[in-house]
Amino acid sequence: PHNCDGYEVFWRCSKSEAAYAEIVRWNGKVADFTSLARRMGPDCGVQHGDIVEATIVGNVIRSYINGVEILSVTDDAFPSGSPGVGFNFFVGNTNVDHGLSSFDVDTYD
């Protein structure tokens with residue numbers, strides 16, 4: 001309960017100038033993370049009906065919105081792991097700007 005390590009890929013549900021997409025690495029201790037890539041602006045945010053995708057192949061992490069790559073980063077901190085989903089509640093006034101209507105996970109060996 002006091003350790004969080006791995007990668008997080010996320011998008012803000014907004015098409016405003018305040019919208020963003022980001023890839024972060026969680027380093028272990030609670031609230032200890034490193035932003036690996038971030039973009040801001042309406043083209044980085046999502047809205048109802050958009051399809052978001054995150055891939056990790058080897059050490060390359062990519063973020064997509066509707067099939068268009070938004071971010072890409074290379075990082076070697078964690079060589080293996082399992083996918084997961086979380087919601088970022090209680091983070092100021094942005095906690096209403098996210099959600100999923102469906103979810104799929106594919107893994108490839």
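**Close-up views of a predicted all-strand model**

**View 1. Overview of the protein.** Of the 109 residues in the protein, 28% are buried (under 20% relative accessible area with a 1.4 Å probe and protein chains only; exposed means over 50%, and partly exposed lies in between). The model is predicted, so local features need pLDDT of at least 70 and side-chain atom pairs count only at pLDDT 80 or more, while totals for chains, interfaces and linings use all residues. Residues are numbered from 1 along each chain as its sequence is written, and side-chain values use heavy atoms, with hydrogens and water left out. The protein has 0 helices and 6 strands (DSSP runs numbered from the N terminus: helices are H or I with at least four residues, strands are E with at least two). Along the sequence the pattern reads β-β-β-β-β-β. The accessible surface comes to about 7600 Å², and carbon and sulfur atoms account for 52% of this surface (Shrake-Rupley method, 1.4 Å probe; for residues, only the protein chains shown count as cover). Among contacts between residues at least 6 apart in sequence, 40% join residues at least 24 apart (contact means heavy atoms within 4.5 Å).

**View 2. The open sheet S1-S2-S3.** Three strands form this open sheet in the order S1-S2-S3, with antiparallel pairing (two strands pair if DSSP finds at least two bridges between them). S1 and strand S3 (33-40) are at the edges and have a single partner strand each, so one side of each is left without a neighbour in the sheet. On average, neighbouring strands here are turned by 0 degrees against each other, direction ignored (axes are lines fitted to C-alpha atoms, for helices over the stretch in contact, and angles run from 0 to 180 degrees between N-to-C directions). The antiparallel strands S1 and S2 are joined by 9 bridges. Asp5 has Asn27 of S2 opposite.

**View 3. Ser14 in the loop between S1 and S2.** Ser14 lies in the loop that links strand S1 (3-11) to strand S2 (20-29). Is Ser14 buried or exposed? Ser14 is buried, because its relative accessible area is 15%. The Ser14 side chain makes a polar contact of 2.8 Å with the side chain of Ser16 (a pair of N or O atoms within 3.5 Å; within protein, one must be able to donate a hydrogen and the other to accept it, and residues adjacent in sequence count only if both atoms are side-chain atoms). Apart from neighbours within four places in sequence, Ser14 is in contact with Ala19, Gly45 and Val46.

**View 4. The largest nonpolar core.** This core has 12 residues: Val9, Trp11, Ala21, Ile23, Ala37, Cys44, Val46, Ile61, Ile65, Ile70, Leu71 and Val73 (a nonpolar core is a set of buried Ala, Val, Leu, Ile, Met, Phe, Trp, Tyr and Cys residues joined through side-chain atoms within 4.5 Å). At least two core residues are supplied by each of S1, S2, strand S5 (60-65) and strand S6 (68-74). S6 gives the largest share, 3 residues. For the core residue Ala37, contacts beyond the neighbours within four places in sequence are with Ala21, Glu22, Ile23, Leu71 and Val73.

**View 5. The open sheet S4-S5-S6.** A second open sheet holds 3 strands in the order S4-S5-S6, paired antiparallel. S4 and S6 are the edge strands, and each pairs on one side only. Strand S4 (residues 52-57) pairs with S5 over 6 bridges in the antiparallel sense, and Ala54 has Ser63 in S5 as its bridge partner. S5 also pairs with S6 in the antiparallel sense, over 6 bridges, and there Ser63 stands opposite Leu71.

**View 6. The two hairpin turns.** The hairpin of S4 and S5 has 2 residues between the strands, and Gly58 takes a positive phi near 65 degrees. In the hairpin of S5 and S6, 2 residues also lie between the strands. Asn66 in that turn has a positive phi of about 50 degrees.

**View 7. Val60 and strand S5.** S5 is largely enclosed by the rest of the structure, because 5 of its 6 residues are buried. Val60 is located in S5 and is buried, with a relative accessible area of 18%. Which residues does Val60 contact, leaving aside its neighbours within four places in sequence? The contacts are Thr55, Ser72, Val73 and Thr74. Val60 and Thr74 are 14 residues apart in sequence, and their C-alpha atoms are 4.5 Å apart in space.
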